[in-house]
Structure formats: structure tokens, C-alpha cells
Amino acid sequence: MKNRPVVYLAITNHGFGHAVRAASVAAEIQRLNPDILLILVTTAPRWLLESYITGDFILRERALDVGVIQADSLKMDKVATLEKLQEIRKRQSAIAAGEVNFIHLNRVGLILADIPPLAAKIGKAAGIPVWMMSNFGWDFIYRPWGGEFEAIADWIADCFSQCNCLFRLPFHEPMSAFPIIKDVGLTGGTPCYQPETLRKDWGLKSPREQTILLTFGGLGLEQIPYHNLQDFPDWQFITFDRNAPDLPNLVKIDNQTDRDRLRPVDFMPVCGRVVSKPGFSTFSEACRQNVPIISLTREGFAEAPLLLSGIQHHSHHRIVTAEEFFEGNWDFLREPPLPPQSTEPLLKDGTEAIAQAVVDYFQTSSTSEP
């Protein structure tokens, strides 16, 4: 009997954004070819992955990298991050050996990574191709922090140099450590519900332009000034923050217990704006749904200017400072979004393009390039 094709999806352990975009690609792979077995290698919660992937998959709970250790979506702990990175670098041979053994036992044919650096070394040791997908590399994030992070960035760049192909997403840095780069469009999920159904089921009665999605990624934000909502009594706000207060114009979604696994992207078509922090997956899904974005700034994180520039060029938007968000009265909601600065079209086919490349690879497995 012919063995099933097996793809090993290695996902950065940082918030939910990398898991969301990798899972959206995994779901599309499964839709195009249900015979492909998906192995997701991540510490992201199963409920999050299942909200994108409706079919079966194997979850291998492993942390191949650390990303940035944070208290919430805006506060970084560089000391703890460096300590964890140095530990992973020290243990890289043992980590890789364990994964190579698992890969051989499960007859994995391809690694797709977003974007743990060790995945490239694991693939090389296992003798199978490694493709990656991202708009930035972790060397780009760590290098500006200086000091001992520079050696970490060099090590990561060396890992990335062993990758067979990078699918580079929009809003990107050069990613020059990668030898082969293929540019693709935005990634993300597709809404699963009709807007009328959501409006009826969740009691959304305000006009779309006065229906606002508040979403700050898997890490959330501390001390969101929900008291400002009282100044918008005729508006409705939607949040996935389970710790949010009970307010008459605030709809709380618990996607960890809701059997339908509702996601922020499902609510975007009924919202006039998305209020967020700089994060690729939220920006990408909002752009794919043509929903204006109001974003906070994010200091000290090298990816943030790329993302903010991206939405300024390609989306209706407003950028607000932390002071305006945390200490202001949210008058920015009453102001119309600014139009995109560029008329250049933004590709939105990343989910489909990457998934199709994976499917094609297994159909013509005599080559190791997409």
C-alpha cells in the first residue's frame, strides 16, 4: 500500500499569529488533497488550530523556538528571551536529533516552517526539503537589540541559509539570509458564516460602520480602557477577551469553549473597523476582507514599522499612539479611516499559493523545489 504524503509544519511559539497563518495554509492543503497527513509541531493550543483546520491532524507539542517572551502584546522581556534562546542554541543538536528520528519514523516528505530557525537544520539532517513562510526572520527582530543578541542573530541567519525555499509574505523585510525567495500574497482564513447569521445570533443591531472588532492577538493587552465604550452607547464592540467586563454594548466571544470555534476573521465582514496592535495575521485577514484597520504603534519590535507601512499603503487605516488608546477618549473611532497611499494592488493569494505548491510537490516528488 502506498504511504500517505506527510508534511511537518513547524510553527514559531510566539502569540497566535504564526499559528493562524500556518493553520490557514494547512487547512487549504487539506482541502486540496485530503490524503496529505498534517503534523503540526507547535505549543499553540489545539482549539486554535482546530478553528482553522476542520479535518484530522497530528499535534506534536514541541517548542523549536521562543519568539519573544512577553507579558502581553506590547511588553517584551528581553532578558528571559535571551536566556531561552541560548538554551535552545545549546541544545540544538539534541532537539534536532529527536525531530529527525520522529520525521523518519513518520515518513515525513516535506517540512513547512513559520518560522523556527532550527527547522532548516532539522530538514537538512533528515535529508528532506525545508520550505519556510514569513514576512520576517527572527534575526531581523533580535539584531537591533545588540549585545549577545547579535550572536544569536548570526546563528539564526546561518540556520535560514540552509532553507530550500522561502515563501515571502507581504509587509516584509529583505530576508536576505534565505538563498531562494518566492514572493506570495497575504495569508489567512476565510469567514465561515453569513453576515446575517452572525448579526442575528449575536444580537448585532448597530450599523456596520458602528460595529467594531477589538482584537489584540493571543497575548492580549493589559488594562484595555473598556470604560471608553460608555461614550459610544449606539455602537457595538466585539471582543475575544474573556476577561473583559460585562457591558451593554460589548459582545464577548469565547472561542475556547464555543463549539463553532468562532474566530476574529469570521466577524470581520460585519465590522466597520478592526482595532488591533501591529500583527501580521490580523492585518492580513483584515486586508483580505477589505476591512479598515485602526492600529496602535508598537515600540522596540522591528516588524512593527513594516506592518504599519503596509496598511498605510494598502488599506484604509488609522494609526493611534499608545497614549491616545490608553489615556484618550477614543475619538479616533469617530474619524473616517484614511485611504491607502498606494494604488498598487496587494496580492492576497498566499494561503492558496503556498498550499498549492505543497500539493504539487507531493504529486511530483522527484524535485525538491516548488
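Hi everyone. Of the 370 residues in this chain, 55% count as buried, where buried means under 20% relative accessible area, exposed means over 50% and partly exposed lies in between, with a 1.4 Å probe and protein chains only. Before going on, a word on where this comes from. This is a predicted model, in which local features need pLDDT of at least 70 and side-chain atom pairs count only at pLDDT 80 or more, while totals for chains, interfaces and linings use all residues. Residues are numbered from 1 along each chain as its sequence is written, and side-chain values use heavy atoms, with hydrogens and water left out.

Let's start with the whole chain. There are 13 helices and 13 strands; these are DSSP runs numbered from the N terminus, with helices being H or I of at least four residues and strands E of at least two. The radius of gyration is 21 Å, close to the 21 Å from the globule rule for 370 residues, so the chain is as compact as a globular protein of that length. That radius is taken over C-alpha atoms, and the rule is 2.2 Å times the number of residues to the power 0.38. Along the principal axes, the C-alpha atoms fill a box of roughly 60 × 50 × 40 Å. Of the contacts with a separation of 6 or more, 66% are between residues 24 or more positions apart, contact meaning heavy atoms within 4.5 Å.

Now for two helix pairs. At what angle do α1 and α13 cross? Helix α1, residues 17-32, and helix α13, residues 350-363, cross at roughly 50 degrees, and their axes come within 8 Å. Axes here are lines fitted to C-alpha atoms, for helices over the stretch in contact, and angles run from 0 to 180 degrees between N-to-C directions. That angle makes α1 oblique to α13: under 35 degrees counts as roughly parallel, over 145 as roughly antiparallel, 65 to 115 as roughly perpendicular, and the rest as oblique. On the α1 side, the contact includes S24, V25, E28, I29 and L32. On the α13 side, look for T351, E352, I354, A355, Q356, V358 and V359. By class, this contact has seven nonpolar, three polar and two charged residues. Nonpolar covers Ala, Val, Leu, Ile, Met, Phe, Trp, Tyr, Cys and Pro, charged covers Asp, Glu, Lys and Arg, and the others, Gly among them, are polar.

The second pair is α10 (residues 280-288) with α11 (residues 303-314), packed at about 10 degrees with axes 11 Å apart. That makes α10 roughly parallel to α11. F280, F283 and C287 of α10 meet E303, L307, L308 and I311 of α11, giving six nonpolar residues, no polar ones and one charged.

S295 sits in strand β12, residues 293-296. Is S295 buried or exposed? At 0% relative accessibility, S295 counts as buried. Leaving aside neighbours within four places in sequence, S295 has contacts including F283, L308 and I311.

P170 is in the loop between β6 (165-168) and β7 (181-183), and at 9% relative accessibility P170 is buried too. Beyond four places in sequence, the contacts of P170 include N135, F280 and L346.

Finally, E324 belongs to helix α12, residues 322-327. With 38% relative accessibility, E324 counts as partly exposed. Outside four places in sequence, E324 is in contact with I319, W330 and F332.
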